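Notebook open, model loaded. I wanted to look at a helix, a pocket and a ring pair, in that order.

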Amino acid sequence: MLNKVSQEISMTRGNIPQQMIAFAVPVFLGQLFQQLYNTVDSLIVGNLLGSNALAAVSSSGNLIFLLVGFFNGMAMGASVVISQEFGDIF
């Protein structure tokens, strides 16, 4: 909901489930594109470079997915703390 006075979005008023879904869509899309990247990478490497290269890409793909998810979660958690601090200032 757009606050007319400060032009900021308030996620504490209005339709909460709709706002939560709108907040989660970019996170979901980021994870989807990461998974699609791993899939396409496996297809290309498997078809062009052989089974040993495919095994290397497949085994490291899950680790990269884990790291991206971890740092994404850390960034979201940091944004909560930073938002709370800015909320106290203003």
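I took helices (H or I, at least four residues) and strands (E, at least two) as DSSP runs, numbered from the N terminus. This is a predicted model, so I kept to pLDDT of at least 70 for local features and 80 or more for side-chain atom pairs, while totals for chains, interfaces and linings use all residues. Residues are numbered from 1 along each chain as its sequence is written, and side-chain values use heavy atoms, with hydrogens and water left out.

**Entry 1: helix α1**

I started with α1, residues 16-48, which has 33 residues. I got 48 Å from its first C-alpha to its last, close to the expected 48 Å; the expected span is 1.5 Å times one less than the number of residues. Next I looked for bends, each taken as the angle between axes fitted to the seven residues ending at a residue and the seven starting there. A kink of about 30 degrees turned up at Ala24, shortly before the proline Pro26.

For exposure I used relative accessible area: buried is under 20%, exposed over 50%, partly exposed in between (1.4 Å probe, protein chains only). Gln19, Gln34, Asn38 and Val45 of α1 are buried. Just after α1, I noted a positive phi of about 105 degrees at Gly50.

**Entry 2: second largest pocket**

A pocket here is an open set of points on a 1 Å grid over the protein atoms alone, where a 1.4 Å probe fits, with protein on both sides within 12 Å along at least five of seven lines; lining residues have an atom within 4 Å of a point. The second largest pocket holds about 160 Å³, a volume being the space filled by probe spheres set on the points. Which elements give two or more residues to its lining? They are α1 and α2 (51-89), and α2 brings the largest share, seven residues.

I picked out two lining residues, Gln35 and Asn38. Gln35 lies in α1 and is partly exposed, at 39% relative accessible area. Asn38 is also placed in α1, but it is buried, at 14%. I then checked both against Gly61, another lining residue. Gln35 and Gly61 are 26 residues apart along the chain, with 8.8 Å between their C-alpha atoms. For Asn38 and Gly61 I have 23 residues in sequence and 6.1 Å, C-alpha to C-alpha.

**Entry 3: aromatic rings**

I paired rings of Phe, Tyr and Trp (its six-membered ring) with centres within 6.5 Å; planes under 30 degrees apart are stacked, over 60 edge-to-face, the rest tilted. I got one aromatic pair. Phe70 and Phe71 have ring centres 5.3 Å apart and planes at 70 degrees, so I logged the pair as edge-to-face. Phe70 is partly exposed at 46%, while Phe71 counts as exposed at 54%.
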